[in-house]
Amino acid sequence: MGKNIIKFIILILAVSTGLKAVNLTDYISEITADPNSASESLYQLFQNFQGYDDPVIKGDLQIGYNSINDTLKAPFIYVLPSSYDPLKSTPLLINLHGGVGRQEFIQDPLEAFKQNIYLSICEKESWILLIPLGNADCMWWDQTGMLNIKTLILKMKNEFNIDDDRVYLTGFSDGGSGSFHFALNDPGNFAALYPLNGMLTVGSAVTGIPVYPANLANRPVYAINTDKDGLYPAAEMRKLMQLGLNAGADLFYREYWGYGHSFDYADQELPLMINHMKRTSRNPFPEKIYWECHDPAFGCCDWLKITKLD
């Protein structure tokens, strides 16, 4: 492969993965100056890219805004661990909140999320925490909300040294249903997804996007429900989880009994979830992909892209 072609591919990947522009041109020139560079994995070369600033604020909640359109600016919260090192690839944990159908974004999000249950975990594990905010105009399962989350992932990767293969998505209630929706329709950014007290079909019920359980074979999905949940009881979810398993889903499902629609089982479950994350990383180049969609807009999974339906 000629060096100009290599440079062209690298530039395309840089745009698609959101790599920080600082020193990237010099990095490309350095790579392509090596006569053996054509035989190396471009992906691995990008994994070794360094060009990130050392941020001033670590260990504290920070707020940002993603301008989705002229009238919609979605807030988000993020926290860097005190030990964050821009020279080291760092896992990213994304937490989707519940009640995403509210008319307005959560007021005073810095105050609202200062007790977020994942703060101490990410500090201990030296992970970055990202908390997008959604509302009725920007739900986890509509295209605006999904694009918001994907854009935020790129924003974070542009600013911080994030391990592309250790990005995890979780959420409770609507956040759990949103995690299911990404697993079914757009899992490519994630190493694994952790829906808590969610429902597999909520995104489909709201948007009309069909549920294809076989798509759950492409990423580990670690799901929890409770027996006394008045919204999504385990007895109902159990049937859907079996449907997914019958379709070949990479699915782990656990039930907690004696709990309603609450995360009161967190002390028992979170250590198990975190251990699962610590031993799970993404394979961005799987040998086989089986994927179903009703619209080419949801036709991408890793290296596979469906461009037309007959």
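Q: What percentage of the 310 residues of the protein count as buried?
A: This is a predicted model, and burial is assigned to residues under 20% relative accessible area. Of the 310 residues of the protein, the share that counts as buried is 53%.

Q: How many helices and strands does the secondary structure of the protein come to, and what share of its contacts between residues at least 6 apart joins residues at least 24 apart?
A: The secondary structure comprises 10 helices and 10 strands. Among contacts between residues at least 6 apart in sequence, the share that joins residues at least 24 apart is 72%.

Q: How many residues of strand β3 are buried?
A: Strand β3 spans residues 90–96 and is mostly covered. Thr 90, Leu 92, Ile 94 and Leu 96 point one way from β3, while Pro 91, Leu 93 and Asn 95 point the other way, and all are buried. In a regular strand, side chains alternate between the two faces of the sheet. The count of buried residues in β3 is 7 of 7.

Q: Which residue in β5 is the bridge partner of Leu 93?
A: Strands β3 and β5 pair in the parallel sense over 6 bridges. Within β5, the bridge partner of Leu 93 is Tyr 168.

Q: Which residue in β4 stands opposite Leu 92?
A: β3 also pairs in the parallel sense with strand β4 (residues 128–132), over 3 bridges. The residue in β4 that stands opposite Leu 92 is Ile 128.

Q: Which residues form one aromatic cluster with Tyr 168?
A: Tyr 168 is the bridge partner of Leu 93 in β5. Tyr 168 also belongs to one aromatic cluster, whose other members are Trp 127, Tyr 194, Tyr 222 and Phe 252.

Q: How many residues apart are Phe 172 and Phe 263?
A: The count of aromatic pairs comes to 13. Among them, Phe 172 and Phe 263 form a stacked pair, 5.9 Å centre to centre with 25° between the planes. Phe 172 lies in strand β5 (residues 162–172) and Phe 263 in the loop between β8 (251–256) and α10 (266–278), so the pair links distant parts of the chain. Their separation is 91 residues.

Q: Is Phe 263 buried or exposed?
A: The relative accessibility of Phe 263 is 18%. Because the cut-off for burial is under 20%, Phe 263 counts as buried.

Q: How far apart in sequence are the parts that Asp 165 and Arg 282 tie together?
A: The protein has 10 salt bridges, and in one of them the side chains of Asp 165 and Arg 282 meet at 2.9 Å, N to O. Asp 165 lies in strand β5 and Arg 282 in the loop between α10 and β9 (300–301), so the parts they tie together are separated by 117 residues.

Q: What relative accessible area does Glu 269 have?
A: The side chains of Arg 254 and Glu 269 meet in a salt bridge of 2.9 Å, N to O. Arg 254 lies in strand β8 and Glu 269 in helix α10, so the pair ties together parts 15 residues apart in sequence. Arg 254 counts as partly exposed at 23% relative accessibility, whereas Glu 269 is buried, with a relative accessible area of 0%.

Q: What accessible area do Ile 63, Tyr 65 and Leu 110 have together?
A: Leu 110 is placed in helix α4 (residues 109–112) and is partly exposed, with a relative accessible area of 34%. Together with Ile 63 and Tyr 65, Leu 110 forms a nonpolar patch on the surface, with an accessible area of about 250 Å².

Technical notes: Residues are numbered from 1 along each chain as its sequence is written. This is a predicted model: local features need pLDDT of at least 70, side-chain atom pairs count only at pLDDT 80 or more; totals for chains, interfaces and linings use all residues. Side-chain values use heavy atoms; hydrogens and water are left out. Patches are made of residues with over 30% relative accessible area and no salt bridge: like charges are joined within 9 Å, nonpolar side chains (Val, Leu, Ile, Met, Phe, Trp, Tyr) within 5 Å. Accessible areas come from the Shrake-Rupley method with a 1.4 Å probe; for residues, only the protein chains shown count as cover. A salt bridge is a side-chain nitrogen of Lys or Arg within 4 Å of a carboxyl oxygen of Asp or Glu. Helices (H or I, at least four residues) and strands (E, at least two) are DSSP runs, numbered from the N terminus. Buried means under 20% relative accessible area, exposed over 50%, partly exposed in between (1.4 Å probe, protein chains only). Contact means heavy atoms within 4.5 Å. Rings of Phe, Tyr and Trp (its six-membered ring) pair if their centres lie within 6.5 Å; planes under 30 degrees apart count as stacked, over 60 as edge-to-face and the rest as tilted. Two strands pair if DSSP finds at least two bridges between them.
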